[in-house]
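The following exercises concern a single protein model.

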Amino acid sequence: MGVYELLNEAVDSRKGGNDCDFNGYLEDYLGTISSEDEVYPLFAALLNADPDLKICVNYGIKLSDNSISNLIIRYKDINKLSEKAFKCPYIIYAKKDDREKAIIMADEYVYAKGLYYCATESNASFEGVKNDLVAIDTNHINEVVELYKKLFNNRAGYLQREVDQKMYENYDAMFKHALDIATKIKDNIFEDLKNTEDKAALIEKTVVSWFLIKKYVYVQYMVDKKILNDVHNGNTKAQRNQAKQNADAIRFISIPELWKGRIGRKQD
């Protein structure tokens with residue numbers, strides 16, 4: 001089953017399902033949101049590029065139950081989350097002849113790529129269709145439209161590397177940005193929890209965010225052959241050790257401490 005057929009079978013909440021919040025034509029989805037919505041201009045531009053585009057909103061993905069990278073990252077709080085806590089905010093998808101393609105999108109590239117890595121590994125939701133998926137953020141309208149226009153005429157891996165290069169000069173620049181995002185969440189979470197009416201939802205979202213950042217900085221380091229050769233002289237063990245150190249540098253607060261509203265003696 002291709003990525004289009006897989007996503008097309010998702011049953012949204014409008015039809016009594018829990019696979020996603022919305023699944024259908026992008027044109028119909030635009031009619032459900034305000035023109036003032038941040039993503040409206042992006043989706044309007046994509047609709048102009050292809051009137052037959054479809055979209056899944058908040059599609060819940062299944063994590064791999066035997067992922068080596070997840071074990072190495074060692075963030076056990078994800079096992080305490082509800083089923084399908086990991087949601088792809090937006091997935092646009094299309095089919096042309098026998099080719100099926102999709103783009104995972106989130107408001108931060110770090111999250112979009114983290115979701116991509118989570119969803120495409122062994123025994124995860126998109127394991128069998130990873131070569132038809134690309135990830136990007138929703139903040140660069142021209143880049144997203146350009147990516148979609150190239151989607152059916154280029155290999156997904158090639159397009160993903162193009163996106164990577166546009167987003168960050170190198171891994172170090174990405175890692176610094178990822179650290180900044182994680183630190184900002186950590187610095188603000190207790191105040192945010194005081195001001196929310198749904199602490200459970202915010203805590204779950206926060207844990208997911210920290211995990212996605214950890215996932216991205218770990219896997220992105222491991223798949224970079226230039227880093228393997230130039231930094232670690234082809235030593236994959238040394239590369240793995242550094243990738244783990246990078247993931248460990250993304251600090252978090254445990255779920256019990258989040259519920260208490262304070263940091264206790266023992267933290268991450």
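## Exercise 1: The surroundings of Asn23

Task. Identify the residues, beyond those up to four places away in sequence, that Asn23 touches, and determine whether Asn23 is buried or exposed.

Solution. Apart from residues up to four places away in sequence, Asn23 touches Leu7, Asn8, Ala10, Asp12, Arg14, Ile55, Cys56 and Tyr93. The model is a predicted one.

Step 1. Asn23 is located in strand S1, which covers residues 22–25.

Step 2. Buried means under 20% relative accessible area. Asn23 has a relative accessibility of 7%, and therefore counts as buried.

Step 3. Ala10, one of the residues touched, also takes part in a polar pairing: a polar atom of the Asn23 side chain lies 2.9 Å from the backbone oxygen of Ala10.

## Exercise 2: Helices H9 and H11

Task. Determine how the axes of H9 and H11 are oriented to one another, and state which residues make the contact.

Solution. 

Step 1. Helix H9 comprises residues 199–222 and helix H11 residues 236–248; their axes come within 8 Å and cross at roughly 160°.

Step 2. Angles over 145 degrees count as roughly antiparallel. H9 is therefore roughly antiparallel to H11.

Step 3. The crossing of these two helices, H9 and H11, is right-handed.

Step 4. H9 contributes Lys214, Val217, Tyr218, Tyr221 and Met222 to the contact, while H11 contributes Gln239, Arg240, Gln242, Ala243, Lys244, Asn246, Ala247 and Asp248.

Step 5. By class, the residues of this contact between H9 and H11 are six nonpolar, three polar and four charged.

## Exercise 3: Helices H5 and H9

Task. Determine how H5 is oriented to H9, and give the classes of the residues in their contact.

Solution. 

Step 1. The axis of helix H5 (residues 109–120) comes within 8 Å of that of H9, and the two cross at roughly 75°.

Step 2. An angle of 65 to 115 degrees counts as roughly perpendicular. H5 is therefore roughly perpendicular to H9.

Step 3. On the H5 side, the contact includes Tyr109, Val110 and Tyr111; on the H9 side, it includes Ser209, Phe211 and Leu212.

Step 4. Eleven nonpolar, three polar and two charged residues are found in the contact of H5 with H9.

## Exercise 4: Positive phi values

Task. State where Arg74 lies and where Lys84 lies.

Solution. 

Step 1. Arg74 lies in the loop between helix H4 (68–73) and strand S3 (87–96). Lys84 is found in the loop between H4 and S3.

Step 2. Arg74, a residue other than glycine, has a positive phi near 60°. Lys84 is not a glycine either, and has a positive phi of about 60°.

Step 3. Lys84 is partly exposed, with a relative accessible area of 23%.

Note on methods
Residues are numbered from 1 along each chain as its sequence is written. This is a predicted model: local features need pLDDT of at least 70, side-chain atom pairs count only at pLDDT 80 or more; totals for chains, interfaces and linings use all residues. Side-chain values use heavy atoms; hydrogens and water are left out. Helices (H or I, at least four residues) and strands (E, at least two) are DSSP runs, numbered from the N terminus. Buried means under 20% relative accessible area, exposed over 50%, partly exposed in between (1.4 Å probe, protein chains only). A polar contact is a pair of N or O atoms within 3.5 Å; within protein, one must be able to donate a hydrogen and the other to accept it, and residues adjacent in sequence count only if both atoms are side-chain atoms. Contact means heavy atoms within 4.5 Å. Axes are lines fitted to C-alpha atoms, for helices over the stretch in contact, and angles run from 0 to 180 degrees between N-to-C directions. Angles under 35 degrees count as roughly parallel, over 145 as roughly antiparallel, 65 to 115 as roughly perpendicular and the rest as oblique. A crossing is left-handed if the near helix is turned anticlockwise from the far one by less than a right angle, and right-handed if clockwise. Ala, Val, Leu, Ile, Met, Phe, Trp, Tyr, Cys and Pro count as nonpolar, Asp, Glu, Lys and Arg as charged, and the others, Gly among them, as polar.
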